[in-house]
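Have the viewer open as you read.

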Amino acid sequence: MAFQSGTLFAVPSTNTNPYSKLQARTSLLGEKYNKVLVANRSEIAIRVFRTAHELSMHTVAIYSHEDRLSMHRQKADESYPIGKIGQYTPVGAYLAIDEIIDIAKRTGANLIHPGYGFLSENAEFAQKVTDAGMAFVGPPANIIDSLGDKTKARAIAIRCGVPVVPGTPGPVERFEDAETFVKEHGLPVIIKAAMGGGGRGMRVVRSQDALKESFERARSEALSSFGDGTVFIERFLDRPKHIEVQLLADQHGNVVHLHERDCSVQRRHQKVVEIAPAKDLDPKIRQSLYDDAIKIAKEVKYCNAGTAEFLIDQEGRHYFIEINPRIQVEHTITEEITGVDIVSAQLHIAAGFSLPEIGLTQDQISSRGFAIQCRVTTEDPDKGFVPDIGKIEVYRTAGGNGVRLDGANGFAGSVITPHYDSMLVKCTCRDSSYEFTRRKMIRSLIEFRVRGVKTNINFVLRLLSHETFIRGNCWTTFIDDTPELFKLYRSRNRGQKLLTYLGDLAVNGSSIKGQNGEPALKSDVIMPNLLGSNGEPIDVYQPCEKGWRNLLLEKGPEAFAKAVRNHKPGLIMDTTWRDAHQSLLATRVRTIDLVNIAPLTSHALANAYSLEMWGGATFDVSMRFLYECPWDRLRRLRRLVPNIPFQMLLRGANGLCYSSLPDNVIYFFCEQAKKNGIDIFRVFDSLNDINNLSLGVDAAKKAGGVVEATMCYSGDMLKKKKYNLDYYIGFVDKMVNLGIHILGIKDMAGVLKPKAANILIGGIREKYPDLPIHIHSHDSAGTAVASMTSALEAGADVVDVATDSMSGLTSQPSLGAVLASVDGTDRQLEFDNNQLREIDNYWSQIRLLYSPFEAELKSADSDVYNHEIPGGQLTNLKFQASSLGLGAQWFETKKAYIEANNLLGDIIKVTPTSKVVGDLAQFMVQNKLSAKDVEERAASLDFPASVLDFFQGLMGQPYGGFPEPLRTNVLKGRRQPLSDRPGKFLPPADFDAIRNFLSEKFGDVTDADVASFTQFPGVYEDYRQFVDRYGDLTNIPTRFFLSKPQMNEEMHVEIEKALGPLNSRTGQREVYFELNGENRHVIIEDKKAATETVTRARADPSNPGHVAAPMSGAIVEIRVKEGSEVKKGDIIAVLSAMKMEIVISAPHSGVVKQLLMQQGDSVNGGDLCAVLEKP
């Protein structure tokens, strides 16, 4: 039956459940009591329905409008709304006495069970139920009146000779009376609601100043919760235990106890964890509690279920505080240790049965084992237990022997509203001992998976694991007194986060910057098989024990360097794991694809001098675009390849950045890199500035690493007068004086010709016969194999190569080609060709996997000898040019690169100085500027930020000095020039402050996290926020990371994808998956559907008040607002285009009349960004 517009109308009331015939329809309580209405909601309503059905009773549920989707409706035979929509508040509906009784009468109910809370302790309600001819499942109204009112209960206890806590003799209605009590008895005191419980209307007062507000808040809360604002006051005991005795009494004068419960673990007077029986309670005290509880019950002729509550102070004295005349939330643990169904007993007693008739005499009631109940709530412990609301996306619970769950709205799809108590489910565990029960509860809570709303599970786990709880010595303020409880265990929620990422990928496509299309490889990668010299397969799951790192670990950097120099055959460093994919694939290769080949690499390249695999651009890109932790990559690969030295790239005083960092940051970073697995530090400075270089050298040396100080090679030594042999030999002299272990030569553009290599290496070898030399080049012109062969013949010890399928063009020369070139000579390389081919077969597949990042370079380009663009930059610069709309002007960009280099003074071009040249070149092409235009208009142009950094001196001092007057004009009114190492002017980083900041924001952090933040603070924070949303995606196969999952496609988890319809109001779609056989869904914003087309006004070049965007990009910062006064050259905004930042400055002094941009806006070159007017 149901109500409509306040009128009862008929609906067939017969239970249509096909299993209903299995239940006898004759109530075990007799025909007079065969239908029960539960005047409550949620978990307790379901609890009563279940027992009622076992007794073959018919059940009736009631619900507020806000509860219309609640589970308790479905568990009853009939359900009815309380009043009309909007007639009652969500709580008020369950306090509507007359409405509820009217529903009971109309539906033919003959019993009403009040549950707990709401009307359960309301004497008026109990009386009206009785007056209506129905049985109230609880004490009679007069008993509720005498015991439900805590002030009256105190008087009864005193009359019975039961000790009570000193308090007011009766209710306190005026603040003045409260003040008088405090003056007489002192502080602290506790103000309690006379009616109700559950911690509502209760305040502890420890200072006189807080008394008035606490009194008013307690009264107000009591009134709203129980309809009665009466309060009383007691002296507050310090650190007492809260013990309660479960009572049952019938209408014939019989009273029994069902033993006690320890409810001391509370937060704000609300119980969190309950234990039965109380652990290690003195038997004498226990018996006294039983005796006093029964004494009070018999004094008032108590009937039905009730709970006598006591406090026990630190001296073992007990004090009666109240009798709750209803069933308690925690009744489950008493049921578990006694085997008594308390709800069944309540119904029998209400129907007139005596306790002996239902087998409940004191001698028949025993306690066995222990039980613990934990209340799982939708509260956020990190935010002061603020209730969380929302839709439950995943709901998986515990089970097994001795585990009981009492819940209601815990299911996937359930919507948690703010209207009611935050309890989601009660988890009760039982076992033979306290410790076994505690462990079972921990296991059970760990099994829970609740996603979509916050829960207190991690907090409760922390509590259960605390030493005080383990000993069973908790007190009522234990939680408030123990701040370490809030150092929570963190749930990673990996499954749901993974699905959120895959769902976003399915709806919006890949968000990885630079991706063009989907991978060409659509099948799984075929893993290679390595055969030993005997033709037998090599067990690659066991890392190779042979390798150069063994010598390094055993004898140290000096002995390692000496051994390298004394080794007659040539040595190689394989760059496949870093610079090769940086140069070819925009640094997008993921950790999983390195991890998969690492064990085989350990064997096939065991004779390698090192693997270049970390640092440089791969560090920030791994966080920025791949959403991976670079430190995790280093540690994982180190475990898999323990035998080959790992080498990283360090930009001197810049660390891994494009400008100087505080000195202590460089030292700290190198220390962490060495601890996590780096062996060799290739240290360079992009301008060959010995002052910047020396800091990095010293930091690497103090970290305990092999110091490979590196000289950057630029231009054509055979033709250039600026960078000739004398220059390079002179710079080597300076580096040797730093006490380096190995000399590196870094030919970033691949312009070191074979003849130049022979002269350069020969000259260095002649002067420094014992100095190990390591040379690095790129194959942009197609001559690197010849150059590396020439270098080895001239006395170089190590040359850089890449596996064949990842070599050539802007990458390093081919390992196979260099191997063949020195075959048969005394510099012959010591590798197994068959094993190298197997490794290369893997990388040929991987390159197809990363086809969306190919730069589409088809052949070598000898034009590099003219423009001198470094190999690693060439692909990135071409990609940036396309992103900025300059793809069709690539030839002009290369030409502008030459002009830009000359404008800057023909500088050494290695990241970050090569980026300065590239940024300036793109700026010139975008704005159609010639070199002469730049020189003449330097004071008024809005140069890219990197150009300003260079001219200011933030990257160091270039050989030959800065070009003048260009430098002065560029910096005029913008920045002050530096003449010394920039790091000298930077204050040291406060690592403790950084660690505290990161801990507060992200939880547990390591020294490696601090090191990441000091290098790239914004990138690191964005990465952590991404991981918080999507989880750790490192182990997702790359094919699924970059492309949309297909229907019924499987990966590590079983994926079955389906897209729901677009919600036109929210712009969201629901995406459905199957994860480990479990149906799940995630809600994803459809970014294409939500995209708006914005047409921007164009700046009028003839209007001096118009401020235009100098090139296409995104507004990342706005420095002014409308009405701001600005001077000529003041920064109005900062625009970012790829990795380049450009300032938008005021063309003249004035007032900002209009801003036509917001942070995050995308603009095109020439778009109107602001309007200035002269003051």
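Let's start with strand β25 (residues 571-574), where L571 and M573 point one way while I572 and D574 point the other way. Buried or exposed: what are these residues? All of them are buried, D574 included. Keep in mind that this is a predicted model.

What does β25 pair with? Strand β32 (residues 798-801) runs parallel to β25 and is joined to it by four bridges. Within β32, V799 is the bridge partner of I572. Strand β26 (residues 610-615) also runs parallel to β25, this time with two bridges. Here S610 of β26 is the residue standing opposite M573.

Five strands make up an open, parallel sheet, and their order is β5-β4-β3-β6-β7. β5 (78-81) and β7 (135-136) are the edge strands, and each has a single partner, so one side of each has no neighbour in the sheet. For β5, pairing with β4 (residues 58-63) is parallel and takes four bridges. A61 sits opposite S79 of β5. As a reminder, strands in a sheet pair through backbone hydrogen bonds, in either a parallel or an antiparallel way.

| Pair | Sense | Bridges | Residues opposite each other |
|---|---|---|---|
| β25 and β26 | parallel | two | M573 and S610 |
| β4 and β5 | parallel | four | A61 and S79 |

On to a helix. α37 (residues 991-1002) has 12 residues, and its first and last C-alpha atoms are 16 Å apart, close to the 16 Å expected at 1.5 Å a residue. Which residues of α37 are buried? They are F991, I994, L998 and F1002. These residues cover an arc of only 60° around the axis, so they end up on the same side of α37.

What does the buried side touch? The buried residues of α37 pack against α23 (663-676), α38 (1007-1015) and α39 (1017-1030).

The two ends of α37 are worth a look too. At its start, a side-chain oxygen of D990 comes within 3.3 Å of the backbone nitrogen of D992. Just after α37, G1003 adopts a positive phi of about 90°.

Conventions
Residues are numbered from 1 along each chain as its sequence is written. This is a predicted model: local features need pLDDT of at least 70, side-chain atom pairs count only at pLDDT 80 or more; totals for chains, interfaces and linings use all residues. Side-chain values use heavy atoms; hydrogens and water are left out. Two strands pair if DSSP finds at least two bridges between them. The expected span of a helix is 1.5 Å times one less than its number of residues. Buried means under 20% relative accessible area, exposed over 50%, partly exposed in between (1.4 Å probe, protein chains only). The arc is that of the directions from the helix axis to the C-beta atoms. Contact means heavy atoms within 4.5 Å. A polar contact is a pair of N or O atoms within 3.5 Å; within protein, one must be able to donate a hydrogen and the other to accept it, and residues adjacent in sequence count only if both atoms are side-chain atoms.
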